[in-house]
Amino acid sequence: MNDAMTNRSVLISGASVAGPALAYWLHRHGFTPTVVERAPALRDGGYAVDFRGEAHLSILRRMGVLDAVERARTGMGSMSYVNSTGRPVAELPADLFSGDVEILRGDLARILYDATKEHTEYVFGDSVTSLTEDADGVTVTFERGEPRRFDLVIGADGLHSTTRRLAFGPEEDYVRHLGLYCAIFTTGNHLGLDHTGHAYRTANKLVAMYSARRNAEAKAVFYFGSPLLDLDRRDVARQQAVLAERFTGNGWQSDRLLRDMRVAPDFYFDSVGQVHMDSWTRGRVALVGDAAYCPSSLSGMGSGLALVGAYVLAGELAAARGDHRVAFARYEREMREYAEGCQKMGDGVAKLMVPGSRFLASVLNRYYKIMPYLPGKNMAAKMARKTAENITLRDYTVNDARSR
């Protein structure tokens, strides 16, 4: 058998979670990854992400980063729903939100970057503008850098993936809007929250705060129901104006947080959606993480799914000795059912997050109040764990790669 590895040079677009995780495993298997990221540096801030179940934890452990992730964990407890005066009216358990390990996305990105920066070329402040494939590789052009040749190109660039648009077609063909918009930013912990959070729900809106970084700061979160808006994703001033229009006078901490929003260093605003594709690969191009199968931030599965996808994609490329045609087919087969299960966790959550009327919001608040006393109080957390563990991970060792 010819054991020679082919297609060693791999361009990865995106340096959040899936991109650096894929770079780690590709290097371990003998490939040469390069990561290009539009942002000028690693993106700090962002919401908390969680990992649950042995599938997620075992990958972090094999990467040697589990201890670092646990040191940076949020340590979040339960989340309380409050009324307009701030009095708690219902409480939801910690394991429903934070899984086994919860960490801020920015902290996770830093850990993964530190684990890969010595052997991976990172190009910040640039983005892919075209992909031209031929029998031997892909010629890639960039906004700023000179054109380069790679054997393979992997899109790990999120819900609004440029790689997906260039290789597969326009975003609207694959992204399904879930009827919500979300904003998040860092603020002061002026409520004195101690590893906990408060959320205030009104008709078609939700505003929340939860403590972060050992209570030294807090994250402000806004959700509101809306069809797709005609907004430039890079026009922060207009995004903040839309948020202010929706939430001014909303009650509780809304106005205070809107003032904090104007000076926040890490304001994030986006639609909430899922990505549904019949195939995540085309020729020498593949997608991983949110670019391929975003389950939405409502699912609680996005980062874990990205981690698993990166592990499987790199492993299948190694098992196929770089033959992308074989590896990509196996990647799709291994990941399809798992990804669809994670996406189902996000389905239906939108209506529970922001009920469309004051009456429904009141009913839901009352349900949460009695939920701790109901027989099925832990059902949602158990379903999330079952979904997260619904995959058997192959051990992609060198011997296994050669035997296949």
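## Terms and basis

A crossing of two helices is called left-handed if the near helix is turned anticlockwise from the far one by less than a right angle, and right-handed if clockwise. Helices (H or I, at least four residues) and strands (E, at least two) are DSSP runs, numbered from the N terminus.

This is a predicted model, in which local features need pLDDT of at least 70 and side-chain atom pairs count only at pLDDT 80 or more, whereas totals for chains, interfaces and linings use all residues. Residues are numbered from 1 along each chain as its sequence is written, and side-chain values use heavy atoms, with hydrogens and water left out.

## Helix α10 and its two partners

Helix α2 (residues 53-63) packs with α10 at an angle of about 55°, their axes being 9 Å apart; axes here are lines fitted to C-alpha atoms, for helices over the stretch in contact, and angles run from 0 to 180 degrees between N-to-C directions. Helix α2 is therefore oblique to α10, given that angles under 35 degrees count as roughly parallel, over 145 as roughly antiparallel, 65 to 115 as roughly perpendicular and the rest as oblique. The crossing of α2 and α10 is left-handed. On the α2 side, H56, I59, L60, R62 and M63 meet G304, L305, L307, V308 and Y311 of α10, where contact means heavy atoms within 4.5 Å. By class, this contact of α2 with α10 has seven nonpolar residues, two polar and one charged; Ala, Val, Leu, Ile, Met, Phe, Trp, Tyr, Cys and Pro count as nonpolar, Asp, Glu, Lys and Arg as charged, and the others, Gly among them, as polar.

With helix α11 (residues 324-346), helix α10 (residues 302-319) forms a crossing of roughly 160°, the axes coming within 8 Å, and α10 is therefore roughly antiparallel to α11. The crossing of α10 and α11 is right-handed. Among the residues that make the contact are L305, V308 and V312 of α10, together with F328, Y331 and M335 of α11. The contact of α10 with α11 comprises 13 nonpolar, two polar and three charged residues.

Q240 has its place in α7 (residues 236-247) and is buried, with a relative accessible area of 9%; buried means under 20% relative accessible area, exposed over 50% and partly exposed in between (1.4 Å probe, protein chains only). Not counting residues up to four places away in sequence, Q240 touches M261, R262 and F267.

Strand β3 (residues 48-51) and β6 run antiparallel, joined by four bridges, and F51 has V101 in β6 as its bridge partner. From β6 (residues 101-104), V101 and I103 point one way and E102 and L104 the other, and all are buried.

Helix α5 (residues 105-114) is mostly covered, with eight of its ten residues buried; these include R105, D107 and Y113.

Notes:
Pairing = 2+ DSSP bridges.
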